[in-house]
Amino acid sequence: MVSAKDGFVVPEIDRNNCVECGACMKACHRITPRFTYQKPIKTYACWTKNLTDRERSSSGGAFSVIARKIIADGGVIYGASMCEDLKVRHLGVEKAADIVLLQGSKYVQSYLGDSYKQIRKELVNGRKVLFSGTPCQVAGLYNFLHKTYDNLYTIDVVCHGVPSQKAFDAYIDKIGLTGKCKYFNFRFTKGWGFQLSSQLESPKNGNSPKRLISPSKAYYLRAFTSGLMFSETCYSCAYAHPERVSDITLADYWGLGDKFPFTHPTYKGISCLLVNNEKALDLLNNCPDLEYEERLLEEAVEGNHNLSHVSGRPVGRDTYYKDSLNMPVDALSAKYGIQAHLRDYFRLLKQTINSFR
């Protein structure tokens, strides 16, 4: 694996050692898929009864409930973690107290390392494994394993696209946080919405106060939602449709209530959960800490753009990466139309008020 254009980590073939066996072609989930797409059998709006988990999560905290169930059964969880060096990597955790390391959204390409190999070892030993990642990471795991395992459970997140670690590193450096924090939040805690903040300690080590990042310096988030930083493969994503590759699909439940009323409070966040097979339904039926209400799949699809569409490639993608390294924040934001607006400050005020409810 090497760092290629714009900092994305990609596989590279060593032509000096290649014997043209074709193994790499068979391993590629795009060229030789070893999975089937599944239409969801149930669509839920859900949230955890555990308020602390709900506040730490991006929306309703459904992932934490499922993860706790797997750990209670002696299993292990693999998911993306913002590490103390502000690098996003996939980690394995086997204690309920460590689930916090995997909670929350990370808008950065996660480095998988040897996690697939670790997962295969655990599966062969008969241990339950829950893997959470983007749809392409789930598909990659299936291709790597070459066979199905009854003790493997997978969760994919509805993905807009992934920026590189290099893009995030450049952002952290530009706003003066390099070496000054050990954790970074992409979402508002104690509420539901987008808000960048930093912490001096990781969530596991204490409850250090979160330092909110002013909307004027939060251009990374606006560049993300504008699609300016994604990997080129994201603009032709093979997984941006309602038929899913994993057992469970999770997302924010945007558009909730548009089809028919939803009477529960939403300001703390609600998860959209797609149950893609009977195996997943059996698992969820054994998660008593999960509150849920069945909804229409059409509502979830209409509310989550990437459940039916790939992210568009803006013209600015051609130059954004280079400019983000060299241009001052104000000039960069103006050139790409990602300046802070008055609505961003009002949104922050609303989220802050909701956090006290």
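**Labels and their grounds**

Me: Why is Cys46 called buried?

Reply: Cys46 has a relative accessibility of 1%, and buried means under 20% relative accessible area, with exposed over 50% and partly exposed in between (1.4 Å probe, protein chains only). Cys46 therefore counts as buried. This is a predicted model, in which local features need pLDDT of at least 70 and side-chain atom pairs count only at pLDDT 80 or more, while totals for chains, interfaces and linings use all residues. Residues are numbered from 1 along each chain as its sequence is written, and side-chain values use heavy atoms, with hydrogens and water left out.

Me: How do you know that Cys46 is in no disulfide?

Reply: A disulfide is a pair of cysteine sulfur atoms within 2.5 Å. By this rule the count is zero disulfides. For Cys46, the nearest cysteine sulfur is that of Cys272, 7.9 Å away.

Me: What keeps Cys287 from a bond with the closest cysteine sulfur?

Reply: The closest cysteine sulfur to that of Cys287 is in Cys46, and the 10 Å between them is too far for a bond. Cys287 counts as buried because its relative accessibility is 4%.

Me: Why does Cys272 count as buried, and what does Cys272 touch?

Reply: The relative accessibility of Cys272 is 1%, so Cys272 counts as buried. Cys272 is in strand E12 (residues 271-275); helices (H or I, at least four residues) and strands (E, at least two) are DSSP runs, numbered from the N terminus. Contact means heavy atoms within 4.5 Å. Not counting residues up to four places away in sequence, Cys272 touches Tyr44, Thr249, Leu250, Ala251, Asp252, Tyr253 and Ala300. Cys272 and Phe168 are 104 residues apart along the chain, and 27 Å separates their C-alpha atoms.

Me: What makes a set of residues a nonpolar core, and how many residues has the largest nonpolar core?

Reply: A nonpolar core is a set of buried Ala, Val, Leu, Ile, Met, Phe, Trp, Tyr and Cys residues joined through side-chain atoms within 4.5 Å. The largest has 38 residues, and those with the most contacts inside it are Phe168, Tyr171, Phe184, Phe186, Met229 and Tyr320. At least two residues each come from strand E4 (76-82), H6, strand E8 (183-187), H7, H10 and helix H11 (329-335). H7 supplies the largest share of this core, five residues. Apart from this core lies another, of 26 residues, including Cys46, Ile71, Ala280 and Leu290. In soluble globular proteins, nonpolar side chains tend to be buried together.

Me: Which residues is Tyr320 in contact with?

Reply: Leaving aside neighbours within four places in sequence, Tyr320 is in contact with Tyr219, Ala223, Leu228, Met229, Leu332, Tyr336 and Ile338.

Me: How do you know how many cavities there are?

Reply: On a 1 Å grid over the protein atoms alone, a cavity is a set of points where a 1.4 Å probe fits but cannot get out, and lining residues have an atom within 4 Å of a point. Grid points are joined across faces, edges and corners, and a volume is the space filled by probe spheres set on the points. The count is one cavity of 30 Å³ or more. The largest cavity holds about 40 Å³ of space.

Me: What lines the largest cavity?

Reply: The lining consists of Ala167, Ala170, Tyr171, Tyr219, Tyr220, Met229, Tyr320 and Ser324. Two or more lining residues come from each of helix H6 (165-174), helix H7 (219-225) and helix H10 (320-326). H6 gives the most, with three residues. Ala, Val, Leu, Ile, Met, Phe, Trp, Tyr, Cys and Pro count as nonpolar, Asp, Glu, Lys and Arg as charged, and the others, Gly among them, as polar. The lining of the largest cavity has seven nonpolar, one polar and no charged residues.

Me: Why is helix H3 described as largely enclosed?

Reply: Eight of the 11 residues of helix H3 (residues 62-72) are buried, so this helix is largely enclosed by the rest of the structure. The buried residues in H3 are Ala62, Phe63, Ser64, Val65, Ile66, Ala67, Ile70 and Ile71. Gly74 follows H3 and has a positive phi, near 85°.

Me: Why is Ala139 called buried?

Reply: The relative accessible area of Ala139 is 0%, so Ala139 is buried. Ala139 lies in helix H5 (residues 135-145) and touches His29, Phe35, Tyr239 and Val245, not counting residues up to four places away in sequence.

Definitions and conventions:
On a 1 Å grid over the protein atoms alone, a cavity is a set of points where a 1.4 Å probe fits but cannot get out, and a pocket is an open set with protein on both sides within 12 Å along at least five of seven lines; lining residues have an atom within 4 Å of a point.
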